Amino acid sequence: MSCIFCKIVEGSIPSTKVYENEHVLAFRDIQPAAPVHILIIPKKHIATMNDVEPDDRGLIGDLHIAAQEIAKQEGVFESGYRLINNCGADSGQVVFHIHYHLLAGEKLGALNAK
Ligand code: AMP
């Protein structure tokens, strides 16, 4: 298995875990782009959002519920946070195991294309 996030799920690569349940794992990004920068992933390997299937509907919901819980844990539930998914080459996706970036902890800049 060559997927780095699958290795984090199985524990053979270390991570700073902040949340875990049966289907979801979340850990701190190694190159944080904001004071709070957490990656929220399904334990199941799905390469990109384009590979999500109807049976994954509940799993995608689980990622969002996890985001709420993590925002509470991190103290940013009220102040706000941003969830980002990169899908495919033009988005800048570099790890091909779906994940949301949860960014928070400061006033984030406006979204732009670049
Ligand atoms: P993306 O461009 O959306 O695929 O983002 C992948 C993210 O994974 C980047 O922000 C990386 O800093 C992060 N990353 C890569 N390897 C690790 C790792 N071992 N532990 C934590 N974050 C990682």
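**Entry 1: the cysteines**

I began with cysteine 87, which is partly exposed at a relative accessible area of 27%. For this I took buried as under 20% relative accessible area, exposed as over 50% and partly exposed as in between, with a 1.4 Å probe and protein chains only. A note to myself: this is a predicted model, where local features need pLDDT of at least 70 and side-chain atom pairs count only at pLDDT 80 or more, while totals for chains, interfaces and linings use all residues. Residues are numbered from 1 along each chain as its sequence is written, and side-chain values use heavy atoms, with hydrogens and water left out.

Next I looked for disulfides, meaning pairs of cysteine sulfur atoms within 2.5 Å. The count comes to zero. Cysteine 3 is in no disulfide, and the nearest cysteine sulfur, in cysteine 6, is 3.8 Å away. Cysteine 3 itself is buried, at a relative accessible area of 12%.

**Entry 2: the sheet**

I then traced the strands. Helices (H or I, at least four residues) and strands (E, at least two) are DSSP runs numbered from the N terminus, and two strands pair if DSSP finds at least two bridges between them. I found an open sheet of five strands in the order S1-S2-S3-S5-S4, with antiparallel pairing. Strand S1 (17–20) and strand S4 (81–84) are the edges, each pairing on one side only. Neighbouring strands are turned by 20° against each other on average, direction ignored; axes here are lines fitted to C-alpha atoms, for helices over the stretch in contact, with angles from 0 to 180 degrees between N-to-C directions.

Helix H2 (residues 57–74) packs on this sheet and touches S1, S2, S3, S4 and strand S5 (100–104). Its direction makes about 155° with that of S3. Contact means heavy atoms within 4.5 Å.

**Entry 3: strand S3**

S3 (residues 36–42) is joined to S2 (residues 24–28) by five bridges, running antiparallel. I noted that arginine 28 has isoleucine 38 as its bridge partner in S3. S3 and S5 also pair in the antiparallel sense over five bridges, and there histidine 37 is partnered with leucine 103.

Is S3 enclosed or open to the outside? Seven of its seven residues are buried, so the rest of the structure largely encloses S3. Val36, Ile38, Ile40 and Pro42 are buried on one side, and His37, Leu39 and Ile41 on the other.

**Entry 4: the loop and the ligand**

The loop between S4 and S5 holds histidine 97, which counts as buried at 0% relative accessibility. Its side chain reaches the backbone oxygen of proline 42 at 2.8 Å. That is a polar contact (a pair of N or O atoms within 3.5 Å; within protein, one must be able to donate a hydrogen and the other to accept it, and residues adjacent in sequence count only if both atoms are side-chain atoms). Leaving aside neighbours within four places in sequence, histidine 97 is in contact with residues including Cys3, Cys6 and Ile41.

Asparagine 86 is in this loop too. An N or O atom of its side chain is 2.9 Å from a ligand oxygen. Valine 94 has a polar backbone atom 2.8 Å from an oxygen of the ligand, and for a backbone N or O atom of valine 95 I noted 3.0 Å.
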